[in-house]
Structures are given as C-alpha cells and as structure tokens.
Amino acid sequence: MSALGNLPAPEDVDIVIPTIRNLDFLEQWRPFFERHKLIIVQDGDPSRVVKIPEGFNYELYNRNDIERILGKRAECISFKDSACRCFGFLVSKAKYVYTIDDDCFVAEDPQGNKINALDQHLRNISTPSTPFFFNTLYDPFAQGSDFVRGYPFSLREGVETVVSHGLWLNIPDYDAPTQLVKPAERNTRYVNAVMTVPKGSLFPMCGMNLTFNREVIGPAMYFGLMGHGQPLGRYDDMWAGWCTKVICDHLSLGVKTGLPYIWHSKASDPFTNLKKEYKGIFWQEEIIPFFQSVTLSDDCQTVCDCYLELAQKVRDELSDLDPYFTKLADAMGTWIEAWKELNPEAQGRYPQK
C-alpha cells in the first residue's frame with residue numbers, strides 16, 4: 001500500500017508568496033523553486049519596488065493590480081496582512097499551490113540533508129488520506145509504512161488528499177501569550193511522520209508552509225478579511241483551515257499534516273501580535289465550537305456550494321458575537337463570486353460527494 005503516487009509536473013504547481021520586502025530568501029530555495037512559477041503578492045505600499053533575484057519565473061501583483069483585476073470585489077482581499085496571499089490562489093491556473101512566507105528557509109533533516117519541502121508536500125498530496133480510521137503507523141502510504149493489523153480492508157483505499165500541511169523548525173508558530181511566556185523557546189524536534197487529520201477533528205492550519213489541490217479545494221482557501229481596517233489579525237490561516245476542514249469532512253476529502261519542515265527564521269513581535277490577536281483569543285472560544293458542530297446539507301455537492309452555505313451559517317450563528325462576522329460572511333460570498341469569475345472553467349471539476 002505504500003507505493004508513492006506520480007508527482008505533478010513543474011507546470012502543475014505554482015508557488016504563492018505574500019511579501020512586503022525584497023525576496024532575497026529565494027536564493028536558498030532556488031534549487032527547489034526555479035522550475036515553478038512564483039506568484040508574488042506585494043502587500044502595503046504599491047509604489048515600493050520589491051527586488052526579486054534573477055532567474056525565477058514569476059508574476060508580481062500589488063494592491064493596484066488587485067483592484068484593477070477584481071474591481072469592487074477587491075474589498076474581499078485583506079490589506080496589510082498576509083491574508084493577501086489568497087489573491088495569488090485566485091489568479092493561479094495550476095492544479096496545485098504551495099504557499100510559503102518570506103521568512104522561511106530551507107531546513108535540514110537530522111542527517112544534515114537539505115529538505116526539499118515542495119517535493120515532500122507533493123508526495124503527501126499524491127497519495128490518499130485515511131480520515132475514517134486512524135493508522136497507528138501514521139501515513140500508510142509513506143515509504144516504508146503500511147496499514148497495521150486490524151485496520152479495516154474496506155477503508156484501505158482511502159480518499160483523495162487535497163491539503164498537505166507542513167511544520168517548522170526553530171521559531172514555533174505560537175500565539176502572542178505563549179510567545180510572551182516562552183520567548184526563548186525553539187522547536188528542535190524533527191518528527192519523521194505524516195498523518196491524516198481524522199474526520200471530525202479541526203486543526204490549527206498555518207499558512208507559512210502549505211500545499212493544496214487548487215482545482216478541488218481552492219474555493220475554500222479564503223484567508224478571510226483581516227488586517228487593515230478589521231478588528232482581527234493573525235487568524236487568517238486559522239479561518240481558512242477551519243472552513244476547509246469542515247468542507248473536506250463533508251465531501252470525504254483528506255488533509256495531511258507533519259512533514260515537510262521548513263526553517264522559520266524570525267519571531268514576530270509578541271506585543272504587536274497581541275494587539276492583532278486580542279479579540280480572536282476570546283472569539284475563538286465561540287468560533288471553534290461553531291465549526292465543531294456545524295453541518296452542511298446534502299444539497300452541497302461542490303466546494304463552492306459548501307462554502308456559500310457555510311458563509312450563511314457564519315452570518316446566522318456568529319453575527320451576534322460581533323458585527324464583524326456579518327462583514328466576514330459577506331466577504332466569503334464575494335470571494336466565491338471572484339473565484340467563479342476568474343475560474344469559470346473549473347466549476348464542473350469539483351468532486352461529487
């Protein structure tokens with residue numbers, strides 16, 4: 001059962017990078033990225049010139065481009081927040097997207113070998129997931145692994161994997177309160193494992209090292225309305241992860257987490273982060289139970305349909321928490337409008353439940 005799937009061709013994978021700075025970090029990634037197209041979403045001042053190393057195939061978009069392409073719908077793309085990366089998901093035409101932050105570098109495994117994170121992600125996403133029954137050897141489709149004794153044969157075929165969530169060495173992905181009490185903590189543990197996130201379980205998705213099947217789950221990968229002018233920040237990838245996992249569970253699609261690791265080089269300021277996260281720290285105690293209990297109707301047979309119904313449930317059930325959630329639900333609907341407009345050919349390509 002452990003045979004690897006066929007890896008996608010270079011033209012089937014785009015790399016989306018949100019940034020406000022020069023992209024010198026790409027030099028370290030050159031051996032792994034130079035065969036793929038980069039989609040760079042420049043946040044902040046659109047007049048600033050972002051320097052990109054020579055030799056890469058890339059498209060660069062700033063706020064002026066976003067407003068030109070989307071018109072009034074540009075309001076659903078966050079400003080001064082890494083959530084702007086989802087504009088890159090909109091304009092990509094590749095089957096798969098890998099998104100990475102510009103403060104992430106190539107990590108090394110315990111033997112000192114440089115980790116090709118993109119290659120590992122594509123191996124994860126090219127083999128099935130097993131969300132309905134946990135395999136105690138983790139991913140049975142990984143090299144050197146298989147299903148353990150007692151695993152039902154009827155479930156061994158698995159389901160299509162549409163999300164591969166990678167991890168980080170060095171700076172952990174902590175919230176501000178944890179940063180403040182553990183300022184010197186570093187993640188040095190390299191766990192050589194990949195596992196399927198079980199059906200019915202949410203997880204805190206981090207956008208700094210993430211690959212997904214854009215053709216299938218792309219419409220759910222909306223990183224919300226965060227940052228400038230909004231009461232909430234640093235929950236953009238979390239929001240996308242919660243929405244995506246609910247829809248994956250409904251449509252019997254798979255999410256994997258674990259390998260590959262990247263090297264997260266820079267800790268953001270915990271006091272600045274606390275200002276961004278403050279309301280979210282309280283709101284998540286209501287938001288997470290909502291996602292844990294929400295169900296989608298049998299009429300929802302596509303990701304777009306699922307996402308629009310989920311947006312309505314956000315409006316109905318979370319707006320009492322704060323008017324922001326009404327605005328967010330509206331933005332979710334606008335996002336799907338933009339997705340359909342820029343990707344009309346993809347509307348019939350989502351899996352049937």
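Guide: Helix α8 passes helix α9 in a right-handed crossing. This is a predicted model. Helix α8 covers residues 270-293, and its axis comes within 12 Å of that of α9, crossing at roughly 135°. An angle over 145 degrees would count as roughly antiparallel; at roughly 135°, α8 is therefore oblique to α9. On the α8 side, the contact is made by E286, I287, F290 and F291. On the α9 side, the residues are L310, K313, V314, E317 and L318. Sorted by class, this contact has six nonpolar residues, three charged ones and no polar ones.

Helix α9, residues 303-318, also packs with helix α7, residues 236-251. The angle in this pair is about 125°, and the axes are 10 Å apart. That angle makes α7 oblique to α9. The crossing of α7 and α9 is right-handed. From α7, the residues that take part are W239, C243, I247, H250 and L251. They meet V303, C306, Y307, L310, V314 and L318 of α9. The residues of this contact divide into ten nonpolar and one polar, with no charged residue.

The two lists can be read side by side. L310, V314 and L318 of α9 are named in the contact with α8, and L310, V314 and L318 are also named in the contact with α7. The contact of α8 with α9 includes three charged residues, whereas that of α7 with α9 has no charged residue.

A disulfide is a covalent bond between the sulfur atoms of two cysteines. To be counted here, the two sulfur atoms must lie within 2.5 Å. By this rule the count is zero disulfides. C248 is in no disulfide, as the nearest cysteine sulfur, that of C306, is 9.6 Å away. C248 has 0% relative accessibility, so C248 counts as buried. For C86, the closest cysteine sulfur belongs to C76; the distance is 6.7 Å, which is too far for a bond. C86 also counts as buried, because its relative accessibility is 0%.

D14 is in strand β1, residues 13-19. With a relative accessible area of 3%, D14 is buried. Leaving aside neighbours within four places in sequence, D14 is in contact with K37, I39, S92, K93, A94, Y96, V97 and Y98.

Methods:
Residues are numbered from 1 along each chain as its sequence is written. This is a predicted model: local features need pLDDT of at least 70, side-chain atom pairs count only at pLDDT 80 or more; totals for chains, interfaces and linings use all residues. Side-chain values use heavy atoms; hydrogens and water are left out. Axes are lines fitted to C-alpha atoms, for helices over the stretch in contact, and angles run from 0 to 180 degrees between N-to-C directions. Helices (H or I, at least four residues) and strands (E, at least two) are DSSP runs, numbered from the N terminus. Angles under 35 degrees count as roughly parallel, over 145 as roughly antiparallel, 65 to 115 as roughly perpendicular and the rest as oblique. A crossing is left-handed if the near helix is turned anticlockwise from the far one by less than a right angle, and right-handed if clockwise. Contact means heavy atoms within 4.5 Å. Ala, Val, Leu, Ile, Met, Phe, Trp, Tyr, Cys and Pro count as nonpolar, Asp, Glu, Lys and Arg as charged, and the others, Gly among them, as polar. Buried means under 20% relative accessible area, exposed over 50%, partly exposed in between (1.4 Å probe, protein chains only).
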